[in-house]
Amino acid sequence: MAGHIIGVDVGGTFTDLVLMDEGGPPRVAKVPSTPENQAFGVLAAIAEAGAALADVAGIVHGTTITTNALLERKLAKVGLITTRGFRDVLELGRRTRPKPYGMKGQFVPLIPRELRMEVNERIDADGEVLTPLDTDDVRTACEFLLAHGCEALVIHFLHAYRNPVHENHAAEIAAEIWPNRFVTRGHAILSEYREYERGVTAAVNAAVQPVLHRYIERLTEELADKGYGRELLVMQGNGGTVTAELVPEHAVNTVMSGPASGVMAAAHTGGRAGFPDLLTYDMGGTSCDVGVIRDAIPQVSSELELEYAMPIHVPMVDVHTIGAGGGSIAWIDEAGMLQVGPESAGAVPGPICYGRGGERPTITDANLALGRLNPDALLAVETPVTLDHVRSALAHRVGAPLRLDADGAAAAVVRVANARMAGALRMVSLARGHDPRDFALFAFGGAGPLHAVALARELGIPKVLIPARPGITNAIGCVVADLRHDYVNTINTPVDRLDMAEVAAIVEDQMREGRETIEREGVAVEDLRCIHDADMQFLGQSHILTVPIPGPDVTREHLAALFEAAYWERFAVELPEIRPVLVNLHTAVIGRRPQADIAALAGGREDGGPQAAATRPVWFTQGWQDTPIYRRADIAVGTELNGPAIVEQMDTTIVIEPGCAAVADALGNLIVSVEGEG
């Protein structure tokens, strides 16, 4: 894949693009996202970068199309065919409540009851056929669902993870009747026990499949019309990529595609910079995503619940998301308390300072009022508004109810936002047994570097790593991501009763299927590698721990020892009298793509110390201070900056708090040493 490689990521506010070229400097673009059709933003970013698509060797695309469709419930109409007596599994769930301490709540399943059809068939938990599949029932159900306007179909039978013969047969019958390719077999998406989670995951796949297919089809046609003749790769939530041709088959895997690309860039950059253990902090326009990287490997989880009663049990990079982005709106609740988010001004109308009609103050407006942002260098401003106008809105909508002036209101907004984001970082670190002081904080996103040093100081994190291009890190993640496919099979057998030959055969089948899929994609890879994990628990317990295993040659004794060590590390308890159980086997097959040189993104001077381009008053907790303003492009390798300082660049602004110091490394990263309150 020599030549131009494009990574493009669509966020809630901006669409970011990076073009890497072996023969010249990288090019970047940042344009407003187009929620009505994300493809328009992608094409606008390509045009902004001046890319000639005929010369581009590859495009990797991170998208929020499926995540947004789920959150906004703008989904395809889906029908379900299931085992007789089990049509209500998707609605009964796990006896949880939308509000744990409330007496009532509302829940609307993805597939309404009238579109959930039952057929005669039954396979038991050992995979034995108890009741043969009634093929006439399947045909009747398909015809009924089509007559009622269903665009996609889910076939979800009890215990199909153990024996999929009935699901496969029903799918063959449906293929003769169904007018499109949107037929999802539950076991093909998730070959794992627990019929509720497997069914919901399959329903999610079916509901977003037509949405994703139409979007990818439009985008590929537009790219082809403009001269692009290579394969389009799409980021998945597991941090890997898949070809556009294959991505609709497992559309559910693209949920959380955007956050995953940023974490992959963080792992790649941190590993090269000598910081393999990171807390990642991505603050964009609408949300804030945080995660954990250990030994330069992102943590992956299969326990995502996007909203109440929507568990999505496919492997995804483990990130925690809160509604705290630059566009998050500050408001006063009924109790007279200041709240920030989760409602966002989004791309339209956006913050007040964007001049697109926004009237409600946001985090971005507060940072502008405190001198942290340059009012003359904001991106995507259509009709400029004055700083006095922004300050007046903060004083009126936030300050007046709290009896604060404009400065106090803006400072309060930033303080509350920081408290929320610090809480999210504690959720992925302290709540899971990690000490934040053992990590560096990797800050990115257009707004992340504005708040990163203050958050690190609050959490006791000693170092902050700010990459060369924080605002387009998600697009960089698309460039450095590898092809990846994940597979899971349920065993659910005590370790002392395992057939180890069966275990080895399952792992080998997973590896074979992954290799064949990557070969079918036809994308150049340097080599293939496999990562294996086992979900395990003690007999009688419901809590599952995931432990790495060496591969198909793992022994019974090794499995038990690995689980006991993981259990001790997590709970500091030994339970030798209880038998361990192997629940699921996971394999990730990764095709390593040729790597781009991220050092080329630095673009700083090779020697000489930077001169402050200007100074301006900036508010810190110590009050207003005259602060030097630097341009990132003027900072050479080895340059040291002492806080307070502001560093500006096209895609972000970096705030270095008083008492802290930063140094530029050879990759163009700024490494900030965080001290106590200055």
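Phe538, Phe563, Tyr567 and Phe571 form one aromatic cluster; rings of Phe, Tyr and Trp (its six-membered ring) pair if their centres lie within 6.5 Å, and planes under 30 degrees apart count as stacked, over 60 as edge-to-face and the rest as tilted. The model is a predicted one, in which local features need pLDDT of at least 70 and side-chain atom pairs count only at pLDDT 80 or more, while totals for chains, interfaces and linings use all residues. Residues are numbered from 1 along each chain as its sequence is written, and side-chain values use heavy atoms, with hydrogens and water left out.

By the ring rule there are 7 aromatic pairs. Phe107 lies in the loop between helix 3 (89-92) and strand 6 (116-119) and Tyr308 in the loop between strand 17 (304-305) and strand 18 (311-312), so the pair ties together parts 201 residues apart in sequence. Helices (H or I, at least four residues) and strands (E, at least two) are DSSP runs, numbered from the N terminus. Phe107 is partly exposed at 24% relative accessibility, and Tyr308 is partly exposed at 27%; buried means under 20% relative accessible area, exposed over 50% and partly exposed in between (1.4 Å probe, protein chains only).

Phe538 and Tyr567 also pair edge-to-face, at 4.8 Å and 75 degrees. This pair links strand 26 (residues 527-538) with helix 15 (residues 556-571), across 29 residues. Phe538 is buried at 2% relative accessible area, as is Tyr567 at 9%.

The largest nonpolar core has 94 residues, and Leu17, Ile59, Ile81, Ile111, Leu223 and Ile312 have the most contacts inside it. Such a core is a set of buried Ala, Val, Leu, Ile, Met, Phe, Trp, Tyr and Cys residues joined through side-chain atoms within 4.5 Å. Helix 7 (residues 195-225) gives the most to this core, with 14 residues. A second, separate core of 69 residues includes Ile352, Ile363, Ala456 and Val647.

Beyond its neighbours within four places in sequence, Leu17 has contacts (heavy atoms within 4.5 Å) that include Ile472 and Ala475. Ala475 belongs to helix 13 and is buried. How many residues of helix 13 (residues 473-480) are buried? The count is 8 of the 8, so helix 13 is largely enclosed by the rest of the structure.
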